[in-house]
Amino acid sequence: MSYEPKILGLLCNWCSYTGADLAGTSRIQYPPNIRIVRLMCSARVDPTFVFDALSKGADGVLICGCHPGDCHYSEGNYKALRRFTLLKKLLQAYGVENERIRLEWVSASEGQRFAEIVTDMTERVRALGPSRIQPALHTDHAERCP
Amino acid sequence: MSDKKKLQIALYWGAACGGCDVAVLDTNEFILTVAEVADIRLWPIAADGKYADVEAMQDGELDLTLFNGAVRNSENEHVAKLLRQKSKILVAFGACAHMGGIPGLANLTTKEDIFATAYLNNPSIEPGNRTVPRPETKLNGSSLEIPTFFDRVFKLGDVVDVDYFLPGCPPAPEQVKNVLLAVVKGELPPRKSVVGASERTVCDDCKRTKAEKKVRRFYRPFEIIQDSTRCLLEQGILCMGSATRSGCGVRCPNSNQGCRGCYGPAPAVKDHGAKFLSALASIIDSKDPKEIEAMVGQLPDFISFAYRFGMPASILERTHHR
């Protein structure tokens, strides 16, 4: 069986989720590798969610929010941007490739753009191969100690 | 022989600096009271007692074991398992046993690199000297063994079932006292609890004035003359108080140092570093990606800061295959 990456999508309710919805209702084709979770705002993305996803088998995480200036809660997307910038640095130190996490602004009218982002990200993550963070590895202590 | 009516206790150190044992001694004259009500059966740093004595004990003969230090080598693991078997209550004492502690930072590198730095490439090593330790050495027909160094550092809970966790680097002597008293009186909370700490965060207990947090630049402590009444984070000095469990008595911020997170994540926090990252990044006062990037660049080696005491307890490190 060929390798199919699993990507978690964390989408804000007001712009990006509606954008993804538009991609669907417009019947725009994009890879089925993304699993979408709707959040109220991209600022709701706690770095813990990303760690959890990666440790439970996600090969990549895509976070989408409203364009700068358009946040429903005025500044949530800027908070997401700040956290994302530091998160990327931390993940790099863990040895996680930068391309596995991505932050994009998608408005409610950008169904086409959403489909393009998902297609592009799926291909990039596919090229990287499975994440080195292995789910359920090291659960048994006997395996861990030489 | 031991007096069976007395409380039977053991204190042990795994991969540790000895500071936790000093924290026990820092209870001052209280330790003499402990000696009155308890038999200290093993305490390598302060009292006699051999592993063979522990091996000869019945299972559950010890009422209480305070285990400090991480599990770094085969000796640490052997004694941890032995003491687990012999103890009714096993307490992970201090940050290393609780979360991996400072030794846990070694999980950011490899066993081979550590070995090379210590024995091969260190500037203080005589050129050409290749004396290195080996797990087993044969000499005159007999064999000498030393403990095996593991690939990574474990917290005590990774190796054995732990009953209670007493955080801190080192635990505050007052808290050590409280926990020992609780054991004597039989007033311990449910198993698996964190004891000798509070359910609040360090920020909750910190007396510094807190206003709106917006930071234009991060400072290392020596780069700035700080205002000792204002929140350190608001002054751009890294402080983990917002994500860290209290109970320490706010020792660091009271001494004009940012909290380093030794008491571990606040209750209900799953990953200490992730929560701190979230809090810290959100106070950056900029909307410009380039500026934000530059500010993040002022945090060299952020991972070691965010997980100074808890690398082996972090979500990703637990699962990361190197």
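Reader: How do you know how far apart domain 1 and domain 3 of chain B sit?

Author: Taken over C-alpha atoms, their centres are 30 Å apart. This is a predicted model, where local features need pLDDT of at least 70, side-chain atom pairs count only at pLDDT 80 or more, and totals for chains, interfaces and linings use all residues. Residues are numbered from 1 along each chain as its sequence is written, with chains lettered from A and ligands numbered from 1 in the order written.

Reader: What makes these stretches of chain B domains?

Author: The bounds come from an automatic or database domain assignment. Domain 1 is 7-102 + 153-185, domain 2 is 103-150 and domain 3 is 202-319.

Reader: Why are domain 1 and domain 3 of chain B said to be in contact?

Author: Two residues are in contact if their C-beta atoms, placed from the backbone, lie within 7 Å. By that test, 15 residues of domain 1 and 12 residues of domain 3 take part. On the domain 1 side, H5(B) gives the most, with 3 residues.

Reader: What makes residues on that domain 1 side nonpolar, polar or charged?

Author: Ala, Val, Leu, Ile, Met, Phe, Trp, Tyr, Cys and Pro count as nonpolar, Asp, Glu, Lys and Arg as charged, and the others, Gly among them, as polar. That gives 8 nonpolar, 5 polar and 2 charged.

Reader: And how many residues of chain B are in contact with chain A?

Author: 30 residues of chain B are in contact with 30 of chain A. H11(B) gives the most to the chain B side, with 7 residues.

Definitions and conventions:
Helices (H or I, at least four residues) and strands (E, at least two) are DSSP runs, numbered from the N terminus.
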